[in-house]
Amino acid sequence: MIDVAPLKFGVVFKHAFSQVTVFKSFVKDVIDIDINIDKVHTEYEYPTQIGFVKSKYDLFAEDIEKRIIVEIQHIKEEDFFDRFLYYHLISLVEQIGTYQKYQFEKTVYTIVVLTSLPRDKSVQFSCAVSDMSPIDEHGKKHNIYPHRLIFLCPRLVNEDTPVNVKTWLELIEDSLDGKLEEDKFTAQKFKDILNAIHQQRIDPTLLAQIKDEAAWEDVKREERKEGFEAGVQLGLQEGVQQGERRKALETAQKMLSDGISLETVLRYTGLNHTDLEDKPHD
């Protein structure tokens, strides 16, 4: 057992997975492709902004045929799936440099790693792949578009998780509490990660960045908690108000049925003419 910097922090994940050998091994096991690169960029931005929202990629690498993007996310925001679809599409659109032809010179693969549990209980998977290949009326899939958007959730590893992906996800998940059983990950590709995240070997500058990110995650988590509690309180208040109004309407109906004047009913129930105008009474 060793103490490690958890891979839920973006700065840690980028530090470990930006190693060329690690990145290439990860891509090979997740997508089953080889990529010929000598550098992995972190916090990469295209020279020219594409679209209305500026995109910055956690990890970015490409060769002459393939463009690989890896994103790490811990707290799942409301726009999680839309945001990463946007990132994926921007990396396609960026390749169309002229009006003369619509042609993507590079296949785009976007891998998103979510290290927290999805709040949507209907979204329960450790590995899911989205592509754009059309399916015809006969149920036949036509592999026209090779581009892929892959979602990985280490906390939901199960017996059906693809074998090549499973150990990577288990390593990420095992690191999340700051402790890791290094004997479970003996392959060289994993040793390079363990060396990168071992607490005793982490550069003080990186440690400072980890602390900053941890503090920011705490702020976002607290804001979400406060927002939820405020929403619950508002819901309770609205529920009480609706219940009180319903009770007042029932009382008004009974009073009117007993022949009590409308003015008296309004005075004692706190209702107005509008509240009662659609309510039939004897």
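The model is predicted, with local features needing pLDDT of at least 70 and side-chain atom pairs counting only at pLDDT 80 or more, while totals for chains, interfaces and linings use all residues. Residues are numbered from 1 along each chain as its sequence is written, and side-chain values use heavy atoms, with hydrogens and water left out.

Let's start with charges. Side chains of opposite charge can pair when their charged atoms come close. Here a salt bridge is a side-chain nitrogen of Lys or Arg within 4 Å of a carboxyl oxygen of Asp or Glu, and by that rule the count comes to eleven. One of them joins D29 to K189, with the closest N and O atoms 2.7 Å apart. D29 sits in helix α2 (residues 20-31) and K189 in helix α5 (residues 188-197), so this pair ties together parts that are 160 residues apart in sequence. Helices are DSSP runs of H or I with at least four residues, strands are runs of E with at least two, and both are numbered from the N terminus. As for accessibility, buried means under 20% relative accessible area, exposed over 50%, and partly exposed in between, using a 1.4 Å probe and protein chains only. D29 counts as buried at 15%, whereas K189 is partly exposed at 26%.

Two further pairs are worth a look. D63 and K66 form a salt bridge with their closest N and O atoms 3.4 Å apart, and both residues are buried. K141 and D131 meet at 2.6 Å, N to O. That pair links distant parts of the chain, with K141 in the loop between β6 (127-131) and β7 (148-152) and D131 in strand β6, ten residues away. Both ends are partly exposed: K141 has 40% relative accessibility and D131 has 24%. There is also a network of salt bridges linking K28, D32 and D34.

What about a charge without a partner? D192, in helix α5, is buried yet has no salt bridge, and the nearest side chain of opposite charge, K191, is 8.8 Å away (Lys and Arg count as positive, Asp and Glu as negative, and His and the chain ends are not counted). Leaving aside residues up to four places away in sequence, D192 touches Q19, T21 and V22, where contact means heavy atoms within 4.5 Å.

On the α2 side the contact uses V22, S25, F26, D29 and V30, and on the α4 side N164, V165 and W168.

Helix α1 (residues 10-17) is mostly covered, with seven of its eight residues buried, K14 among them.

Finally, the backbone. Most residues other than glycine have a negative phi. D32, in the loop between α2 and β2 (41-44), has a positive phi of about 65°, and at 55% relative accessible area this residue is exposed. E43, in strand β2, has a positive phi near 50° and is partly exposed at 35%.
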